[in-house]
Amino acid sequence: MTAHFPFDNSYARLPVRFFTEQPPVPVSRPGLVAVNRPLADELGITLPEDPQEIAAIFAGNALPPGAAPLAQVYAGHQFGGWVPQLGDGRAILLGEVVNRTGTRRDIQLKGAGRTPYSRMGDGRAWLGPVLREYVVSEAMHALGIPTTRALAAVTTGEIVLREGRALPGAIITRVAASHIRIGTFQFFAAHKDVAALDALTRHTIARHYPEADGPLGLLRAVIGAQAHLIAAWMGVGFIHGVMNTDNVSIAGETIDYGPCAFMDAYAADKVFSSIDQFGRYAYANQPNVAVWNLAQLATALLPLMPDREAAVKTFTEEINAFPERFNAAWHRTLARKLGLTAQREGDVALAFDLLAIMERGQADFTRTFRALSLPNPGTAGAGFRQRDVFPPWFDRWQARLAQDGRSAAARRAAMQAVNPAFIPRNHRIEQVIDAAVAGDFAPFRRLTRILATPYADQPEHAAYQNGPAPEEEVTRTFCGT
Ligand code: AMP
Ligand code: MG
């Protein structure tokens with residue numbers, strides 16, 4: 001059977017200044033690491049049976065019929081500094097597929113060779129970041145958080161040099177609602193290309209927010225999506241790590257899994273990324289950075305507004321409404337994590353006080369909430385270094401639960417559906433990568449399988465619920481470049 005992708009490439013129909021046509025650069029020896037068949041089915045993609053033929057497709061060596069490969073241009077603020085031109089430096093958009101129910105998704109090969117936007121880079125990726133993105137993006141999806149997905153991972157049979165190390169090259173096939181970023185708007189705004197900005201805005205609204213009315217409606221919708229997304233991240237202890245405006249999807253999906261990490265012990269100021277020296281993208285700073293990023297989007301949209309002064313005023317009001325919208329989502333998330341049916345006065349303080357004692361007691365974020373969701377929730381206290389901080393909080397929580405009048409069994413079921421047993425812990429990802437580099441992909445497969453049902457107990461994999469032993473702890477993560 002030959003491959004069939006139901007392509008309909010709307011981005012490729014935009015004016016040529018949005019992208020450069022660019023085929024993937026073939027690799028010497030494609031090897032299939034993983035293919036996500038349920039996702040392929042969902043997208044309406046038919047794949048050949050032969051793993052070699054599948055590998056050739058996802059390595060960029062064999063283009064599926066109907067592909068229109070291109071590299072997208074964008075700009076962005078990286079750590080607050082303006083970079084006038086970025087773009088797909090190692091990614092090639094094969095095209096968009098539209099499935100039977102009309103869902104449109106980008107199919108992109110990341111690590112597919114040099115493009116006009118590669119700057120000094122080699123256009124390639126190594127196996128580590130490819131497996132990391134595969135594991136974490138699929139885990140995010142299973143957790144119910146908007147995200148790009150992983151359709152396939154292949155090795156290239158070629159060596160990639162990173163910091164003096166020779167590492168196995170690899171390519172991930174990323175699926176996204178689109179790859180339109182805040183930085184895409186910024187690129188055309190910076191070029192004062194109002195016609196392109198207008199075309200991009202129309203394209204984006206039609207594709208992601210058909211109910212939105214013009215640039216203001218788009219801005220409002222993107223603000224809502226970011227508020228929802230960041231509350232969802234924080235609800236599972238996720239730190240994106242590189243929330244530059246070129247890494248913020250207009251569609252509200254988590255994108256760019258470079259230096260991201262889930263925290264083990266709770267700490268509001270937790271940072272993993274080796275290059276985030278000042279904690280700009282620290283766990284609890286993510287909503288603040290979102291405001292900053294959304295203000296860049298608002299600025300980029302301004303040239304479309306006939307009355308600039310009036311637009312500055314309305315756009316500012318929208319941006320200023322972000323904290324309220326974020327807090328609504330975040331407080332709702334926390335209430336659900338604590339098993340509360342209604343939101344009452346004092347609930348936010350109750351949740352924040354738990355976070356505060358977790359921080360003091362160096363308690364594991366995921367394990368604490370999971371323990372509270374199980375029979376004998378008092379055992380959650382065992383995870384606190386300072387044992388005395390937990391019981392008074394626990395008594396308050398019990399008293400508050402009594403006010404809701406829900407059965408313990410119903411509360412537990414609801415809590416287990418929002419407090420995962422399993423998250424992609426850093427030390428597990430490191431183990432997966434080390435094994436894979438040594439040629440053993442079994443740990444990668446096992447971890448992917450466990451994380452596909454993160455809210456199920458899976459007692460046989462109980463060890464995967466644990467945080468790292470001191471010698472396993474990962475304190476730093478790196479961009480995947
Ligand atoms: P990122 O840190 O992944 O958001 O990438 C920032 C910019 O660097 C983007 O324009 C990427 O396309 C580009 N880039 C990252 N890695 C490479 C690479 N290995 N080769 C070429 N360009 C790259
Ligand atoms: Mg990026």
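**Where ligand 1 sits.** I looked up the shell around ligand 1 in this predicted model: domain 1 (11-176) and domain 2 (182-331) both give residues to it, so ligand 1 lies between them. The domain bounds come from an automatic or database domain assignment.

**The two domains.** I found 23 Å between their centres, taken over C-alpha atoms. I also see 31 residues of domain 1 in contact with 39 residues of domain 2 (contact means heavy atoms within 4.5 Å).

**The shell.** I listed 18 residues around ligand 1, and Gly87, Gly89, Arg90, Gly123 and Asp256 come nearest (a residue counts if one of its heavy atoms lies within 4 Å). By class I have two nonpolar, eight polar and eight charged residues; Gly counts as polar here, and Asp, Glu, Lys and Arg as charged.

**Polar contacts** (N or O pairs within 3.5 Å). I noted a polar side-chain atom of Asp256 at 2.9 Å from an oxygen of ligand 1. A side-chain N or O atom of Arg119 is 3.2 Å from a ligand 1 oxygen. A polar backbone atom of Arg124 is 3.2 Å from a ligand 1 nitrogen. The protein covers 89% of the 490 Å² of accessible area that ligand 1 has on its own (Shrake-Rupley method, 1.4 Å probe).

**The metal.** Which residues coordinate the magnesium ion (ligand 2)? I found Asn247 (OD1) and Asp256 (OD), at 2.2 to 2.3 Å; donors are N, O and S atoms within 2.8 Å of the metal (3.2 Å for Na, K and Ca), and water is not among the atoms, so sites may look incomplete. Both Asn247 and Asp256 are buried (under 20% relative accessible area, 1.4 Å probe, protein chains only).

**Ground rules.** I number residues from 1 along each chain as its sequence is written, with chains lettered from A and ligands numbered from 1 in the order written. Local features need pLDDT of at least 70, side-chain atom pairs count only at pLDDT 80 or more, totals for chains, interfaces and linings use all residues, and side-chain values use heavy atoms, without hydrogens and water.

Key. A polar contact is a pair of N or O atoms within 3.5 Å; within protein, one must be able to donate a hydrogen and the other to accept it, and residues adjacent in sequence count only if both atoms are side-chain atoms. Buried means under 20% relative accessible area, exposed over 50%, partly exposed in between (1.4 Å probe, protein chains only).
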